[in-house]
Amino acid sequence: MLSFRASRTKFQFTILVLMLWTSMMAHSETITLGNGEWDPYQSSTMDGFGYASKIVTEAFKKEGIDVKYNFYPWARALDSASKGKVAGTFLWGYKKEREKHFLYSEPILDVSYVFFYLAERKFDWKKIDDLKDKRIGTTIKYSYGEAFDKARAKGIFEADDSNSDETNFKKLLAGRVDIIPNDLDAGLSILRRNHKDEIKRVSYHEKPVRNTPHYLLISRKHPRAEYLLAAFNKGLAALKKSGRYQEIIKASRNLKE
């Protein structure tokens, strides 16, 4: 009799554990990340909150984690994450001093700066010296990489500064500059958004002027920071292996033939 009761109790306990486990699996964990405005990567007004946000959302989803986004000015997004008010933030380039407050993920994507030029004017380059005597539209306070900045300081080319990337594209279309360096994805977005009728006039060189990996930063103050980092990295790798990662980027770029 005692043996029967013990067996029944053990059976009931096993069923309870299974029910709890099933319930936990049915309800994904939800985290909040600090996000910002950087079209086409991240935006509160875009489908899926931009293509970088789609990558982050789907990578976490593969590991049973749902993501909510709080949109902030960039400095506040970083500050909120460093204080643990949100679990993390993205997209950020690498800076060693941030390791004090954050864990860096595997790179979400590389942000590539390329030269845009008018298709009617042939342009090619292999090294910085090939830019000799070019009039290049640049944006104030931007760095396009060490080699470019050194060449500018030496006067190898003429830099024509503007207050915004949009102004540089206007100068390019008006023929006031020969080429402009710009983030590939952001540049394509500017052209589609503001110069749709003239987009076929513009080409870009595939050789990058600068190529910078960008990351998800997980707050060290989150109680499960290491777990979230590992989950994201695993989900990101699965997303790439499946081909979905490449699909998201291709759909966003809508590259011209």
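Strands and helices here are DSSP runs, numbered from the N terminus (helices are H or I with at least four residues, strands are E with at least two). Two strands pair if DSSP finds at least two bridges between them.

A word on conventions. Residues are numbered from 1 along each chain as its sequence is written, and side-chain values use heavy atoms, with hydrogens and water left out. Because the model is predicted, local features need pLDDT of at least 70 and side-chain atom pairs count only at pLDDT 80 or more, while totals for chains, interfaces and linings use all residues.

**Strand E5 and its partners**

E5 runs antiparallel to E10, and five bridges join them. E5 also pairs with E8 in the antiparallel sense over five bridges; there, Phe 115 has Pro 181 in E8 as its bridge partner. A further antiparallel partner is strand E9 (residues 202-204), joined to E5 by three bridges, with Leu 118 bridged to Val 202. Nine of the ten residues of E5 are buried, so the strand is largely enclosed by the rest of the structure. Buried means under 20% relative accessible area, exposed means over 50%, and partly exposed lies in between (1.4 Å probe, protein chains only).

Asn 182 sits in strand E8. Is Asn 182 buried or exposed? With a relative accessible area of 2%, Asn 182 is buried. Leaving out residues up to four places away in sequence, Asn 182 touches Ser 112, Tyr 113, Val 114, Phe 116, Asp 165, Phe 169 and Gly 187; a contact means heavy atoms within 4.5 Å.

**The largest pocket**

The largest pocket holds about 580 Å³ of space. On a 1 Å grid over the protein atoms alone, a pocket is an open set of points where a 1.4 Å probe fits, with protein on both sides within 12 Å along at least five of seven lines, and lining residues have an atom within 4 Å of a point. Grid points are joined across faces, edges and corners, and the volume is the space filled by probe spheres set on the points.

Which residues lie nearest the centre of the largest pocket? They are Trp 38, Tyr 113, Tyr 142, Arg 210 and His 214, out of 23 lining residues. Elements giving two or more residues to this lining include strands E3 (88-92), E5 (109-118), E8 (179-183) and E10 (210-219), along with helices H5 (165-173) and H6 (184-194). The lining divides into nine nonpolar, five polar and nine charged residues. In this scheme Ala, Val, Leu, Ile, Met, Phe, Trp, Tyr, Cys and Pro count as nonpolar, Asp, Glu, Lys and Arg as charged, and the others, Gly among them, as polar.

Gly 50 is buried, with a relative accessible area of 1%, and touches Pro 40, Tyr 41, Gln 42 and Ser 43, not counting residues up to four places away in sequence. Phe 49 counts as partly exposed at 35% relative accessibility. Lys 141, in the loop between strand E6 (135-139) and helix H4 (146-154), counts as exposed at 83%.

| Site | Feature | Angle |
|---|---|---|
| Asp 39 to Pro 40 | cis peptide bond | omega about 10° |
| Phe 90 to Leu 91 | cis peptide bond | omega near -10° |
| Phe 49 | positive phi, not a glycine | phi about 65° |
| Lys 141 | positive phi, not a glycine | phi near 75° |
| Gly 84 | positive phi, just after H3 | phi about 80° |

In helix H3 (residues 74-82), Ala 77, Leu 78, Ser 80, Ala 81 and Ser 82 are buried. The buried residues of H3 pack against E1, E3, strand E4 (102-104) and E10.

**The chain as a whole**

The chain comes to eight helices and ten strands, and buried residues make up 42% of its 257 residues. Among contacts between residues at least 6 apart in sequence, 73% join residues at least 24 apart.
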